Amino acid sequence: MTDNELLLAISNMMDKKLKPINDRLTKIELTQETKILPRLKEIEACYTSTFNRYQSGVEQIEQLQSDMDIVKKL
């Protein structure tokens with residue numbers, strides 16, 4: 001067996017052994033792209049909108065507190 005034939009045989013063996021790993025990795029990547037990332041984006045959007053509502057609510061509460069302080073002084 002020549003060196004090239006030996007290298008080709010080793011390469012084929014490695015390809016055969018790595019194929020299941022590559023297949024699983026591809027499935028993981030597809031799952032991440034099609035299921036996990038879209039759900040994370042949806043969760044992020046929900047938390048962002050909730051944060052924005054609470055942030056504006058805090059400003060309103062602070063204004064109400066300021067108004068109440070004025071009323072108490074009267």
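Analyst: Happy to! This is a predicted model, and its secondary structure comes to 1 helix and 0 strands. The radius of gyration is 31 Å, well over the 11 Å that the globule rule gives for 74 residues, so the protein is more spread out than a compact globule.

User: What does the C-alpha trace span along its principal axes?

Analyst: About 105 × 20 × 10 Å.

User: And how much of the protein is buried?

Analyst: Buried residues account for 3% of the 74 residues. The accessible surface comes to about 7,400 Å², and carbon and sulfur atoms hold 62% of that.

User: Is Thr50 buried or exposed?

Analyst: Thr50 counts as buried, because its relative accessibility is 18% and the cut-off is under 20%. Thr50 lies in helix α1.

User: What does the side chain of Thr50 reach?

Analyst: It reaches the backbone oxygen of Cys46, at 2.9 Å. Cys46 lies in helix α1 too.

User: How accessible is Cys46?

Analyst: Cys46 has a relative accessible area of 47%, so it is partly exposed.

User: While we're on Cys46, how far is it from Lys17 in space?

Analyst: The two are 44 Å apart, C-alpha to C-alpha, with a sequence separation of 29 residues.

User: Switching to charges: how many salt bridges are there?

Analyst: The count comes to 1 salt bridge. Asp23 forms a salt bridge with Lys19, and their closest N and O atoms are 3.2 Å apart.

User: Where do those two residues lie?

Analyst: Both are in helix α1, which covers residues 3-73. Asp23 and Lys19 are 4 residues apart there, about one turn of the helix.

User: Zooming back out, how many positive and negative charges does the protein have?

Analyst: There are 11 positive and 12 negative charges. Their mean positions are 8 Å apart.

Terms used:
Residues numbered from 1 in each chain as written. Predicted model: local features only at pLDDT ≥ 70, side-chain atom pairs only at ≥ 80, totals over all residues. Heavy atoms only, no water. Salt bridge = Lys/Arg side-chain N within 4 Å of Asp/Glu carboxyl O. Buried < 20%, exposed > 50% of the residue type's maximum accessible area, 1.4 Å probe, protein only. Polar contact = N/O pair within 3.5 Å; in protein donor to acceptor, adjacent residues only side chain to side chain. Rg over C-alpha atoms; globule rule 2.2 N^0.38 Å. Areas by Shrake-Rupley, 256 points an atom, 1.4 Å probe, with all protein chains shown as cover. Lys, Arg positive; Asp, Glu negative; His and termini not counted. Charge placed at Lys NZ, Arg CZ, Asp CG, Glu CD.
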